[in-house]
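Here is a short report on selected local features of one protein model. Look at the structure first, then read on.

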Amino acid sequence: MALTVLTLRTEEGEHRISCPLHASLTLGCGPECDVTFEGVSILPRHCVLYRTGERTFQIIGVFVAAQFSVNGVISSELEVDVPFKFGIGGEVFDVDLAEGEEPLEEAVVEASEAGTEGAPTGPRVSKRGYLLKPISLKPRGGVRVGEVILPVVSAPEMEMPMALPPANLPPPSVEVAAETKLPQDEEESSSLLLMGLLVCGAMIAGIVYWPYHLDQISAAKGDVVTQPVVAAPELSPEATVKACEDLLRLGAPLLAAQVLMSLAETGDLAAMHELGLALRASDQFGGEVVFLLQQAVEGGRREALRDFVSVVDDPENPARYSEGAFKQLQLAAKLGEASAWMPLGERYEFGNGTAADIKLALAAFEKARRFGDKRAAGKLSARQEALERVAGYVRSWNEVSVATLLDHVAAGQGKFFMLDHAPMEVLLRLEEELRARWPLRRISVMAGAQAEVETFDLIKVTQPFQFEVQRGVRIARGKGVLVCRVQQDVADRWRITDASDKIEVSELLPTKEQFVSAASLREMKPAFTHEEQVEEARLEILEQMRGLEATEDFKPALTVLMNAVYEFPQETFWQPFADALSDRMARQLFMKGQWLDAAWAEPAHQLAEHGSVSAMLLEGHLYAAGYGCPRDPVRSLALYQKAFEAGKRRDARFYYAEALFQGRGVPQDIEKAGALVLAFMSRSKHPLEAYLAAHLLWRKAEHDPALWQDVYDTLSRVVDKLPPAKNLAGMVLLNHGQTTKERRTGFAAIKGAAEEGVVEAMKSLSQCYLEGVGCEKDAQQATFWKQKALVTEPPRRRHYTEFVE
């Protein structure tokens, strides 16, 4: 036989319902449903079961709020094959199909928390062909079905259930029901009283049902019981809506929705309005919420306008940015709702649901601002903030320092006065040039500034200004227009991302021939004579050389020096600056063995080619160290010689003689080194010169012992400034001293040099302790200083210019 009977099994028994192929069954708590359940969370029309195949059902919730579970999964619409577990109102049924064509059994199953034992049952004719057991939700924090937690019914909803009276109580009398009914004039006395009346009506409905239930039980035994039926009091639509408003305020949206649903279906606008709010408050946002409120608004309920805008622009509305939502906001604005203008402006700004139009967005924001919307005021304040930022930038041109540029400008993003994507250091340099070129500046903003909103975080500003700049007797006056784009960064700060200006000069004093005409304020320059140009270049170099000792960045000074070299090839005013810069770079190289940028070696080479003696020495040091160029001792010696022959300077003599004496990578030439040194440096107080002279005298003293005193005298003048000289002086006393005191003094000098980090002194000191020369033998100290010499880095090389005689 065909499977035409749907079975629902519970712990109490099995219930059979006719359900042929392509049939549908409506489930809910309403009297018109095919399968009726009773429970607070069950809607009058909760869901529909469609039999779409031999063993397939499609279950669809009538409303988004009407949820159910299938095999533990909560949903409002799905398709499933039998058998399956169906959950509704907190109870679960086993659903399956069975064969059979026999008549359906009509029964009512009485259920309570105490169970159904002893409850008589019997058939009775009903307007529906069947009844399933009533369901009443129990107060609990939540129920897990599979991996889903069923929603918890709020306290007000659980405190006022429309449940039947317990089976063990006697049936109430008609007088009780009559006494419960309130007069009509008291129904409208207050909304709270109406809510209480509604609860009483629900209780009376249970009382009315109780005799009917007993009648069913008696009919099953053949004993028909008749009871008079008392009708529940009828509330007016207005009273019902007011009572539901109180239910919403008390946190019972689902109960309010159940009460309002039938009234809203009749077309009552207030009921539609409150039903939409009830569904929204139950965290069941769906299209029906917007639909109900729109119907109320279009029907003329102005009280629903603000709520209508709120749900249309709700972040949980999946259609929030659709064309339909945009038209709904237009409708609300057309009907006079002030709160619609702000979201309308946002739709115009970003092009959501309509074409982007910044002018319409501005107009919408302006209307929202007039109605007191602070968000719109914030949007419209962007123009004023952009205008103030540009005006502040113009006023900063009068300041001596360029530090405030960082408050106005975002570098590297656009074009600034013909410089494309310039880094901040370049922009700072541009501002410094303006201040150096025109020491006296009087620049002010003029009226007529305009702000054109491209987006609300990018605004184009046009700012007129007037200027008077002066250098010496030269004075230029005029006006100009600054055009900027101002953008809001991630920290909500407005910064200028590009800028350009155009000026009109009205007066040039004393004559226009003394100026270089230009279209931009930063391009306008004095027309200098050759002498003025030289002086200007000298002052610019001097400015860059200031504070050079405190910085390791030589690039700015190298740049202006090279500019002066190429611009004035016949002049020599730049050479002292080039020598000072080269000496500073050499000291940095000796101290750390490197620069911030090894590419600075090329400008040093260019300065050497143009005759800077210090640059020649610096290049010699670079070739000797192999830094910035390949290591080449021969080239290094040649550069030292060239520097010495170019200027006969003492430092050049020293480095040339030192290279000859050491012979590193080139043949050693003691005789030539001695000729360069001994006649000029033997009595020098410069530590490096005296140390080199002492080494050359040492070579001579090995053949002429009378010269040991000269060696010691030469070293004694610089022992306090150069630790290696202290070590060498100690060696002279220790090896050639005439008395024990002199040898002990020599030992003390060697020990002092060792303690100051001289590796050669450590080795000598270890040998002294080992052999007992100048001290008592001490093997432990000998071992200590020998090991320390192995792990100690040699002291850094000292540059000639580090010492001042």
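## Ground rules

Helices (H or I, at least four residues) and strands (E, at least two) are DSSP runs, numbered from the N terminus. The model is predicted: local features need pLDDT of at least 70, side-chain atom pairs count only at pLDDT 80 or more, and totals for chains, interfaces and linings use all residues. Residues are numbered from 1 along each chain as its sequence is written, and side-chain values use heavy atoms, leaving out hydrogens and water.

## Two cis prolines

Pro83 sits in the loop between β9 (77-81) and β10 (84-88). A cis peptide bond links Val82 to Pro83, with omega about 0°.

Pro510 belongs to the loop between β20 (494-509) and β21 (515-516). The bond from Leu509 to Pro510 is cis, and its omega is near 0°.

## Positive phi in two loops

His22 is not a glycine, yet its phi is positive, near 70°. Its place is the loop between β2 (13-18) and β3 (24-28). His22 has a relative accessible area of 64%, so it is exposed. (Buried means under 20% relative accessible area, exposed over 50%, partly exposed in between, with a 1.4 Å probe and protein chains only.)

Lys648 also is not a glycine and has a positive phi, about 55°. This residue lies in the loop between α21 (633-647) and α22 (650-662).

## A helix pair

Helix α11 (residues 341-350) packs with helix α12 (residues 358-370) at about 165°, and the axes are 8 Å apart. That makes α11 roughly antiparallel to α12. Axes are lines fitted to C-alpha atoms, for helices over the stretch in contact, and angles run from 0 to 180 degrees between N-to-C directions. Angles under 35 degrees count as roughly parallel, over 145 as roughly antiparallel, 65 to 115 as roughly perpendicular and the rest as oblique.

Which residues of α11 meet α12? They are Trp341, Met342, Leu344, Gly345, Glu346, Tyr348 and Glu349. Contact means heavy atoms within 4.5 Å.

## A covered helix

Helix α26 (residues 723-736) has 14 residues, which should span 20 Å at 1.5 Å a residue; its end C-alpha atoms are 20 Å apart, which agrees. The expected span is 1.5 Å times one less than the number of residues.

Ten of the 14 residues of α26 are buried, including Leu728 and Val732. The buried residues pack against α24 (687-701), α25 (708-716), α27 (740-755) and α28 (759-771).
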